[in-house]
Amino acid sequence: MNFLSIFVLIPSLMLLGLWAARNIKQIRAVMVTGASMLMIAAVALAYLYVRARAAGDTSQMLFTSSVEWYKPLNICYAVGVDGISVVMLLLSAVIVFTGVFASWKMKLQTKEFFLWFSLLSMGVLGFFISIDLFTMFMFYEIALIPMYLLIGIWGTGRKEYSAMKLTLMLMGASAFLLMGILGIFFGAGGTTMNILEIAKLHIPIDLQRIFFPITFLGFGVLGALFPFHTWSPDGHASAPTAVSMLHAGVLMKLGGYGCFRVAMYLMPEAATELSWIFLILTGISVVYGAFSACVQTDLKYINAYSSVSHCGLVLFAILMMTHTASTGAVLQMLSHGLITALFFALIGMIYGRTHTRDVRELRGLMKVMPFLSVGYVVAGFANLGLPGFSGFVAEMKIFVGSFENAETFNRVWTIIATTSIVITAVYILRLVGRIIYGEVENKKYLSLTDATWDERLCVIVLVAAVAGLGCFPLWFSNIIDESTLPVITQLMNH
Amino acid sequence: MEQYSITPLIILLPLAAFLLLGLFGNRFKPLTAGIIATLEMTATTVIAYFTAFSYFTSDRLPDGTFATFTPFDYVWLPLGEKLTFNMGILLDPISVMMLIVITTVSLMVHIYSLGYMKGEKGFQRYFAFLSLFTMSMLGLVVATNIFQMYLFWELVGVSSYLLIGFYYTKPSAIAASKKAFIVTRFADLGFLIGILVYGYYVGSYSFEYSAHLKAIATAGTMIPLALGLMIIGGAGKSAMFPFHLWLPDAMEGPTPVSALIHAATMVVAGVYLIARLFPLFVGFAPDVLHLAGYVGAFTALFAAVIACVQTDIKRVLAFSTISQIGFMIVALGVSTSADPHHGGLGYMASMFHLFTHAMFKALLFLGAGAVIHAVHSNEMKDMGGLWKYMPLTHITFLVACLAIAGIPPFSGFFSKDEILAATFMFSPTMGYLMTFIAGLTAFYMFRLYYNIFWAKPYEVKSGHGGHAHKPHEAPAVMTFPLLFLAAVTCVAGFIPFGNFVSSNGEAYHIHIDKQVAVTSVVVALVGIGIATLMYRGASRKVADGLERGFGFLYRAAVHRFYIDEIYQFVTHKIIFALISKPIAWFDRHVVDAFFDRLAWLAHVTATKIKGLQGGNVQSYAVVFLWGILAIMVALLFITFGVFWLM
C-alpha cells in the first residue's frame, strides 16, 4: 500500500464515520475532520512532491506503486502522481472542504446526503491518483453514480429530469470510454493497463484512428464538449450547491485530464492527425457557450454556459499541442474549478435567501447582502480574466501557447477563441449591473441577512485560492510545466 | 542604482492602502480611512519625487542621454521556452515624468476628495478604489515589458469601472461603467492579439529593443501588424474615434475621479503606449504611426465640434479631453525620425503636452467639481454669475482656460506651440487644421467659462426650510488643490522639458517658433473673442441664431453625431438579438432537443417491446407458437421454395 491511497482511505473513513454518526453535530464533525484531513494530505503531498523534485527525482510519476488485482486482464491498482495530479488533488481538496461548508445547513436527510457526497469525493480523488486505465475508469464510475441521487433527491426545479439527463449522457460517454480503454489495452498488446507502460508501447495507427476519437469523445462529454454539453446547464441548475461546486469544479476537470493523459498521451499519432476535428468543436464551445450565457435568465444557467465556454478552452488548449498551451490548460482547469465553485457557492447562498435565481427578479443585492455581493463581483472579475485572479494567468498562458502553433488553421481558431474574453465581460457585467447594483425593488429582500460564518469561510477560502493563484502563479506553473512535457514530447516525436 | 531600492514602494504603498481599506475599510471611521489613504499617497508622492530628482540629476551617459535603469525585474510567469512574463520597474525619462504626473494629480485628488466626498456613503470604498487605481496606473508606467503593461492596463480599466459605477444604485452610472469597460475591453482584444503576434515573432516582450533588433528586422510585416493591433488598445483607453464613446458617459463617476482617471492619467495611457513603442514605430512601422496621427487629428476635430454644443459642463470637459488627447496622438503621429531636430520633435511635444494637460485639465475638472458642489447641478443653465460667490474657483478656472486655449505665459501655450510646430513640419495642411482646432478649443472653453461664471446673475433659489440657498466657495481642502494646480499651470511652461525628455534622449533646447506662436495665439484670441461676444452677457441672440441657422449640424453635434446610437444598435440588435438569442435558441431546441429525442426514442421502443417480457405464461406460449410456426414456414420455404422457383 502506497501513501497516496490515503486519498481514497480518508473518504472511506468518512463514510464509516457518517454511518456511525447519530446527529447533525456528529455528521458535521465527521465531514469537517475528513475534509480538513484531505486538505492537509493534499498540501503535504504537494510539499513532498516538490521536495522530491528538488532532490533530483526526474521520473515522470512519483510515489508510484502497483498492486495486482486481476491477473487474467492484467488489471492493477496502480497509483502515482505528477505535477498535474498534485495540483488537481489540491483543487479537489479545496472544493470538498468548501463544499462541506456550503452545505452546512442541509436539512433534508443530511446523513445520506453527505454519504453520497463523500463517495463522490472518493471517486474524483481516486481518479487523479490512478495511473491504471481500469482503476481510473472505476473511480470515474464511482464519481458518476452518486450524482444521480444527489441531484434527483436533493436538487431543485426539474430535478428528476435533469438527474436522468445528466446520468444518461455521462453514462453514454463512459460507454465510449470503456470502448476506448479496451481499444487501447488490446491495441497495445493486451499486456498492461498501466498508462506509463502503454506509453512506451506503440498502438498501430489504424487502431489509433478508431480509438482516439472514441476516447476523446468519452472524456470530452464530461468536459462539456460541444454538442454534448447540454447535460451541463440542466444538471447544474438542478443540483444542490455543494454538488454543483464539486461537479463543475472538479468532475468536469476529469474530462480535460483524461483527454490529455489518456487520449492524447497514448495515441499521439492519431491525436496529431485528427485534432482538427475536435479543435473546431472546442473552438465552437468557447464562443458558443459565452454567447449563450449572454441571454440566460437563470443565474445557474449563466454559470453553466460560462463553464461550457471555459472548459471548452481547456480542451482547446490541449489540442493546440504546444507545451505552453497544455500547461495553460491545466492552469485553466484549476482556475475554472475554483472560480466556478465560488460562483455556485454564492448562487446557492443567494438562492437560499431570495428563493429565486431569476436575474429579472433580483436587484440591488449590494444593499442587503454586501458580503455575498462583493464575493459575487470578485468571482465575476475572476471569471472575465482580470489580472490578479487565476483566470488571467491561465488564459494568457493558453493564448500565448496556442499562438505558438503556427498553422494558419490553428491561428484562426486562436483568434476566434480570444474574442471570448470580450463576450465574457459582456455577460458578467450585465449580470453584476443587474442583480448586484441598483436599488432593491422587492421590498421583501430588505429583511434578508448577509452571510453567516460558515458561508463566509467557504467564500473566503475560495477567493483566497483564486487570488493566490492569480498573484503568484510561478510555483504552480513550474510544477505543471515539467509534468506536461512528457506528453508534449510524446506528441512531438510522432 | 541603490537609490532606487525604495522605488517599488511607489507601487506597494498604494497596494497596501487598497488592501487595508478594501478588506477592513468598514472598521475605520470614514475620515480616518480618507486620511490613511491621503497620507499613504503623500508618502508615495515623496518617494516618486525623490526618485525623479535622483534620476534627472544623475550623470548623463557619454552619448548625452539618461541611462535606463531596471532596478527590479522578476519572472512572474514563464510563457514558453523563450518568452517570460516579467514584473519589474523600468526608469527612463518618460516613465519618471509619468510618475511625477500621476502622483501629483493623485495626491491633489486625494486631498480634494476629503472635502468633495464628505458625507458620501462608501467613503472608505472610494478611497480604496482610488488607491487601487493609483497602484495600477503607476505599475503601468513603470512596466518593463509589454505584457506587464497589459496586466496593469486591465487593472486601470477595472478601477475605472469601479469608480465610474461608484454610485451603484444609479442606473445611468451602472450603464456608463459597463459601457466603459466593455468598449475598452473590446479594444484591448486588439492589444492582446498584438502582444501575441509581437511575442511570437520577436521572442521577447521586453522594452529593451536593442537586444532583439535582429528578430525585429526579420519579422518583416509582422511588426507593423503587431504595432497596429496594439494601437487599437491604445485608442480604446485614450478614447480615440470610434472608441471615444465611453468617455463622456464616464462622467457619471464622482468628479475628482473624472479629474484623475478620465482627464489626467488613464486616458493618456494610449499616448504613453505609443511613446513607449516609439523607436519601433519610427523604425519599422512609420505608416502605422502616421495613420494613428490622422485618426488623432480627426478625433481632435470631431470632439472639439461636439464640445461646442454640449450643455453639461463635465461633458464639455470630457470632449475637450478627447480633443486634447487627439493633439498628443497627432504630435506622435507626425514624427518621421527619432532625431528631435529632424522630424522627431513631435515626441517631445506630445509628452510635454501630456504633462501640462494633466495639470490644467485636472484643475478644470476639480474646479468644475467645486462648482457642481456649490450649485448641485451639472447643467450650464443652472449656473452663471458665479464669479461673485466663488472667487478662488473662478480665478483658477480662468487660469486653466487660458492654458488650454494656448495663451502665453500659461503652460498650455508652450506645449501646444511645440505640437503645432511639429505638425507644420510634417505637412502645412495638418498644421493649419490643428491650428483651427486650437482656435475651436479656445472658443468652447470660454463658452464654458462664461456660462459658468458670467452670462447672467445667479438666481438664488429658496431651498428647504425657507432659507435661501446661496452658492459658496469650497472648503480649504478643495481650494488648496485648485491653487496648487493653478500655480503649476502658471509655471510649467518654463520647465526646460526638452532637457529631460526628447525622442532620442539627448537634451533638446525648446525654442518658440515665432510664426507658429503668433498664428496660434491670434487664432486663440479670435476664438475667445467670439465666445465673449456670444456668451459674456445674458443675451443669447447670436448663439440662438447660429443654432437655428445650422439646425441640422447643431442637432447632430448635440447627439454626438449619433455614434452612441450605433453602439446601442450593435450591442442590442446585433450581439443580443442576432447572435446570442439564436444561439441560445439553437442550443435548447436543436442540440438539446436531439438528445431528448434520443431518450424519448429509447423510451418508446422500450414501451413497445416490454410486453414481450410481461411474465404472462399464456402470452409467452402464444409468441412461442407463432415463433415455431414462422420458423417452420421459413424452413419449408428455404427447402422447397427453391425447387418451386426452379
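How many residues lie between S1(B) and S2(B) in the hairpin that they form? There are five, and Gly80(B) in the turn has a positive phi of about 95°. The model is predicted, so local features need pLDDT of at least 70 and side-chain atom pairs count only at pLDDT 80 or more, while totals for chains, interfaces and linings use all residues. Residues are numbered from 1 along each chain as its sequence is written, and chains are lettered from A and ligands numbered from 1 in the order in which they are written.

Strand S1 (residues 69–78) of chain B pairs with strand S2 (residues 84–91) of chain B in the antiparallel sense over seven bridges. Strands are DSSP runs of E with at least two residues, and helices are runs of H or I with at least four, numbered from the N terminus; pairing requires at least two DSSP bridges between two strands. Asp73(B) has Gly88(B) in S2(B) as its bridge partner.

Between the chains, 40 residues of chain A are in contact with 39 residues of chain B, contact being defined by C-beta atoms, placed from the backbone, within 7 Å. On the side of chain A that touches chain B, H16(A) supplies the largest share, seven residues.

Val87(A) touches Val330(A), Leu334(A), Phe476(A), Ile479(A) and Ile480(A), residues up to four places away in sequence not being counted.

The domain assignment of chain B, with bounds from an automatic or database source, gives domain 1 (2–460 + 471–558), domain 2 (561–610) and domain 3 (614–646). The C-alpha centres of domain 1 and domain 3 of chain B are 93 Å apart.

Note on methods:
Contact = placed C-beta atoms within 7 Å.
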